[in-house]
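Colleague: I would like to go through this model and ask where each label comes from. Please show it first.

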Amino acid sequence: MQPTLAKKLARRLMALALLISPPNSRAWIRAMAAELDYIDGSSKALSWSIGCFGAALKQRFISLLSPGALVIETEGGMSKVAKISAIALVVASALFLFAPTFQQGLKLTAASWHPSDTAWFSKMRALGARAEKNNDAQTLAFVAMQLNGDWESNAGSTAAAEDRALRDNYANEAVRQQPQLTWIYCSLLNRDYLRGQSDPNDALWLAQLQKSDPTNAEVYAVEAAYYAPAHALGWNTAEDRALLVSAPGWLSRMAKAFDSTNYDSYISREADLDRDVWLHRNLDDPSRLFSGTFGYRLWDFANFNLYSKYFLLTTAADAEAKGDLRTAEDDYGKVARLGELMELHGDTDIQTLFGIGLQKSANQHIQAILEKSGNAPAANLLAFQMELEQDIAHRISSQITPAKLESRYQTTDAWLMQLSLLGMAISLALLLSCGGYFALRRVVGFAGLQRVGAALASMGVVATILLFASTIAMYFGYSSYAVALREYLNTSNTRDAYSLLFRFTVLEELPARLYYSFRGVDFWYTVIALGGVIVVWILYRQISRTFRHSAPVQPAA
Amino acid sequence: MPKSVRMSQQTVELFRAFLAQPREWRYGYDLSRETALKSGTLYPILMRLNKRGWLETRWTAPESQGRPPRHMYRLTADGLRSAREFVALEALRAPSHRAAAYGAGRA
């Protein structure tokens, strides 16, 4: 009688079970296979063989987790299966090195432990030199934005001064080649202002900026900052007003800003430049993308806020009280107009919300004036416009939920990647120790240390499993970052950029957070001591297990 | 039997099957049918018992030509002693027995 399909399948499965079973339990799997011929009914046979396959798989898994049993069989050497498994795991782990996602994740995680601008700056200098040679204005502009060596670790050094000179040179060269890049001066001036450092080029850049974009409120706000008393620009204090009254330069520039008919913070242009150079110049440090842009622009918001709150709205209210409704409407109108420009032309949600806030602060007064002057249709229209704006503000605000903000600070993936890095480091150290031992044994020849060799070999197998698991964890840990980066690079929507790229900051800062949480303890000695204890414990466990081990009991044939 | 050793319900079931015919050699498939344990559960238990020295095994000649030899199992003397203790312990743990003991204590 021909065997049924189920029976055939059962036999195949049994053969597979025999193949995957580890040597020390193969006799048992053979015993299970023998029963197959005595089972009536195809479905029962198939069910039996499925159980058998599961048991074989379990035994194989156990043998991998406790490879001492597997290795000892060959008295100090590794069994063929263990060797093949170990090599396969190392090869599989090595293959991940070819995956850009893995490479980037590994590089960023490792770099987070020694945050340094040195490598990035030298890369930027080289990129700048090439761009200068190739008359590549875009890249020159990008490098100029990135070369801010005087900000971080090397402040005041010769290298910082050289970088600054190089930055100015690249910026000027980029604008000379492509005058439409003049906006980069605005970003550079913003950076300089924030850092409290004036630059010989500042006046020249401001003049060029205003010449190229004379109707833009942003360029006057940037200039105004240079005329403000250094300690005046808090966020929102009444004391600021008293200080700023005595700064006519600031007042006149802010007046120009509120008279402007356009608003462009150049944030989108900066993001586009970053994307373009990143994609075409094979850069590999996402944490440098778009870094700090929003922070710099917040100072302009402070300027707008102070001038509207303590000057325009105040003078308008005074005029209104005196019955000079025309002047009042005019001043309120300036605030509302700039708010509208920010709402319409802002590149980020913050700008839109800020613009709506400015409009609201002025429009409610304008509406009252319109009603007072008997212009009910215009007052109603303004009320309708305010309702719409409120709705827009509500919709934007509702998208910024606590859960969304919390997810921005979520560190699970970052922790997974840091643990993966640790796993990789431990497994590579173990593999090197094992490799070194066996290489030495081959050269010198240690007689009588077979059992130590077996323990080391089994530790090597454990190390390959750890290496593979860490590699997989690193790959999947970084995949969400890779998706965010891809999304950022492939979209022209600047509004989500901050959220998309913020996670890189979280990853970067994790070791620092760990370090600060251990302040008071000598952190690195603790890490080294703990690592040492773990390694000694693993070694002790492996060796003692090997010496205690007895050969597995085989069923009598 | 060490006091700390705990046996799964399935292992106790298997002990019961062995104790029903303590000196007989048993086939794996028969034990599976008797205890309703799947092969994937039964054999790892048999392997563990064998490793502890509680189970002896042997191969028998095939019953008819063309069929493979079969593996047979029987509890060793140690295995029988332990099996009896575990089965007794399990019986004491059963809710009905606890209830009976509680009732007897009150009476």
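Colleague: What makes Leu5(A), Arg12(A), Ala15(A) and Leu19(A) of H1(A) exposed?

Modeller: Leu5(A), Arg12(A), Ala15(A) and Leu19(A) count as exposed. This is a predicted model, in which local features need pLDDT of at least 70, side-chain atom pairs count only at pLDDT 80 or more, and totals for chains, interfaces and linings use all residues. Residues are numbered from 1 along each chain as its sequence is written, and chains are lettered from A and ligands numbered from 1 in the order in which they are written.

Colleague: Which residues of H1(A) are buried?

Modeller: Lys7(A), Ala10(A), Leu13(A), Met14(A) and Ala17(A) are buried. Seen down the axis, the buried residues of H1(A) fall within an arc of 120 degrees, so they line one face of the helix. The arc is taken over the directions from the helix axis to the C-beta atoms.

Colleague: Why is H1 of chain A called a helix, and what span does it reach?

Modeller: A helix is a DSSP run of H or I with at least four residues, a strand is a run of E with at least two, and both are numbered from the N terminus. H1 of chain A covers residues 5–20, which is 16 residues. The expected span is 1.5 Å times one less than the number of residues.

Colleague: What makes E2(B) and E3(B) a pair?

Modeller: Two strands pair if DSSP finds at least two bridges between them. E2(B) and E3(B) have six, in the antiparallel sense. Within E3(B), Tyr73(B) is the bridge partner of Thr57(B).

Colleague: What is the strand order of the open sheet in chain B?

Modeller: The order is E1-E3-E2, with antiparallel pairing. E1 (26–27) and E2 (55–60) of chain B each have a single partner strand, so one side of each is left without a neighbour in the sheet.

Colleague: How many residues does each chain give to the contact between A and B?

Modeller: Chain A gives 19 residues and chain B gives 19. Two residues are in contact if their C-beta atoms, placed from the backbone, lie within 7 Å. On the side of chain A, H3(A) gives the most, with six residues.

Conventions. A residue is buried if 20 or more other C-beta atoms lie within 10 Å of its own, exposed if 12 or fewer, and partly exposed in between; C-beta atoms are placed from the backbone.
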